[in-house]
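Hi,

Here is the structure I said I would pass on.

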Amino acid sequence: MRRPWAVGDAQRGSTRLPLVLTGLWAAAVGLELAHVLVLGPGPPPLGPLARTLQLVLAVFQLLNLLGNVGLFLRSDPSIRGVMLAGRGLGQGWAYCYQCQSQVPPRSGHCSACRVCVLRRDHHCRLLGRCVGFHNYRPFLCLLLHATGVLLHVSVLLGPALSALLQAHAPLHTAALLLLPWLMLLTGRVSLAQFALAFVMDTCVAGALLCGAGLLFHGMLLLRGQTTWEWAQGQHSYDLGAGHNLQAALGPRWALVWLWPFLASPVPGDGISFKTTADMGLVAS
């Protein structure tokens, strides 16, 4: 008999569509950046050493970004394939009627993924997958490196955008930055000018969004909370900053930010968790 949480066509579609849209936007950013660097004003003027360092930084950021995206998507945070029956009934467990299964503490059912997720934090709309116990670390590193990549792209596109804005009146400039689609539809700008303004707008907005997300989840990380637990004011799993970092990122928590494939196994199984009472701490 088919499991309630078995992956169906509808779920595959709901997962793939955000990935396709995000991939198309990333491709548009890459094409616009290549156009500006090759055919446009080019990158900001730098010396040979600075240019080499910038190239090394770009490769480092891109490898980390792609590596963490791959790890995030490959890691399944759900209860699929996890033996849960009879492991801890009456110890904070609950019953999910959608999945028709007992689920451990800190788990939650996702209506988009149509399955319960171990230590569920939230559903990532851009990548079409829930953030949970098994993919929380690549998600955090992805926020860090996505912020860096988007800021780097914005800097590289800066000279081209500056030249474009200086060639027009202030009102035209403001409209192009705030309403690029309207300017394109009314014929006030060319397709190339629209593409530059649109990509720059989305890169800056994306950097701010990822940066804000990194700060928020950094706070949760140090407190040992999920987003839901933060909203409910729960501090049951706050073991202190050091233990919280190791619980989410593994023993080499300070180095995992630098390389996605660094071995740093996360302790636990996503089913049972140490609490503040277990550690003999008093939550503030």
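This is a predicted model: local features need pLDDT of at least 70, side-chain atom pairs count only at pLDDT 80 or more; totals for chains, interfaces and linings use all residues.

The protein chain has 284 residues, and 40% of them count as buried. If you draw a box around the C-alpha atoms along the principal axes, you get roughly 70 × 45 × 30 Å. Eight helices and six strands make up the list of elements in the chain. Going along the sequence, the order is α-α-β-β-β-β-β-β-α-α-α-α-α-α, so you can follow along by eye, given that helices and strands are numbered from the N terminus.

Now for a helix pair to look at. Helix H3 covers residues 136–166 and helix H6 covers residues 191–223; their axes come within 8 Å of each other and cross at roughly 150°. Angles over 145 degrees count as roughly antiparallel, which means H3 is roughly antiparallel to H6. The crossing of H3 past H6 is left-handed. What sort of residues make up the contact of H3 with H6? They divide into 23 nonpolar and eight polar, with no charged ones.

H3 and H6 also turn up in the largest pocket, where each gives two or more residues to the lining, as do helix H1 (9–38), helix H2 (48–74) and strand E5 (122–124). The space in this pocket comes to about 1,400 Å³. Its lining has 45 residues, and if you want to find the centre on screen, pick out Trp25, Leu65, Ala146, Val149 and Leu150, which lie nearest to it. H2 makes the largest contribution to the lining, with 11 residues. By class, the lining of the largest pocket has 31 nonpolar residues, 12 polar and two charged.

The second largest pocket has a volume of about 470 Å³. There are 24 residues in its lining, and those closest to the centre are Leu239, His243, Ala247, Ala248 and Pro267. H6 comes up again here: along with helix H8 (241–249), H6 supplies at least two residues of this lining. The largest share is from H8, with five residues. Sorted by class, the lining of the second largest pocket holds 13 nonpolar, eight polar and three charged residues.

Gln100 is not a glycine, yet it has a positive phi of about 55°. You will find Gln100 in the loop between strand E1 (94–96) and strand E2 (101–103). Arg119 is not a glycine either, and its phi is positive too, at about 45°. Arg119 sits in the loop between strand E4 (115–117) and E5, and E5 is one of the elements that contribute to the lining of the largest pocket.

Arg119 has a relative accessible area of 9%, and buried means under 20%, so Arg119 counts as buried.

That is everything I have for now.

Cheers

How values were computed:
Residues are numbered from 1 along each chain as its sequence is written. Side-chain values use heavy atoms; hydrogens and water are left out. Axes are lines fitted to C-alpha atoms, for helices over the stretch in contact, and angles run from 0 to 180 degrees between N-to-C directions. Helices (H or I, at least four residues) and strands (E, at least two) are DSSP runs, numbered from the N terminus. Angles under 35 degrees count as roughly parallel, over 145 as roughly antiparallel, 65 to 115 as roughly perpendicular and the rest as oblique. A crossing is left-handed if the near helix is turned anticlockwise from the far one by less than a right angle, and right-handed if clockwise. Ala, Val, Leu, Ile, Met, Phe, Trp, Tyr, Cys and Pro count as nonpolar, Asp, Glu, Lys and Arg as charged, and the others, Gly among them, as polar. On a 1 Å grid over the protein atoms alone, a cavity is a set of points where a 1.4 Å probe fits but cannot get out, and a pocket is an open set with protein on both sides within 12 Å along at least five of seven lines; lining residues have an atom within 4 Å of a point. Grid points are joined across faces, edges and corners, and a volume is the space filled by probe spheres set on the points. Buried means under 20% relative accessible area, exposed over 50%, partly exposed in between (1.4 Å probe, protein chains only).
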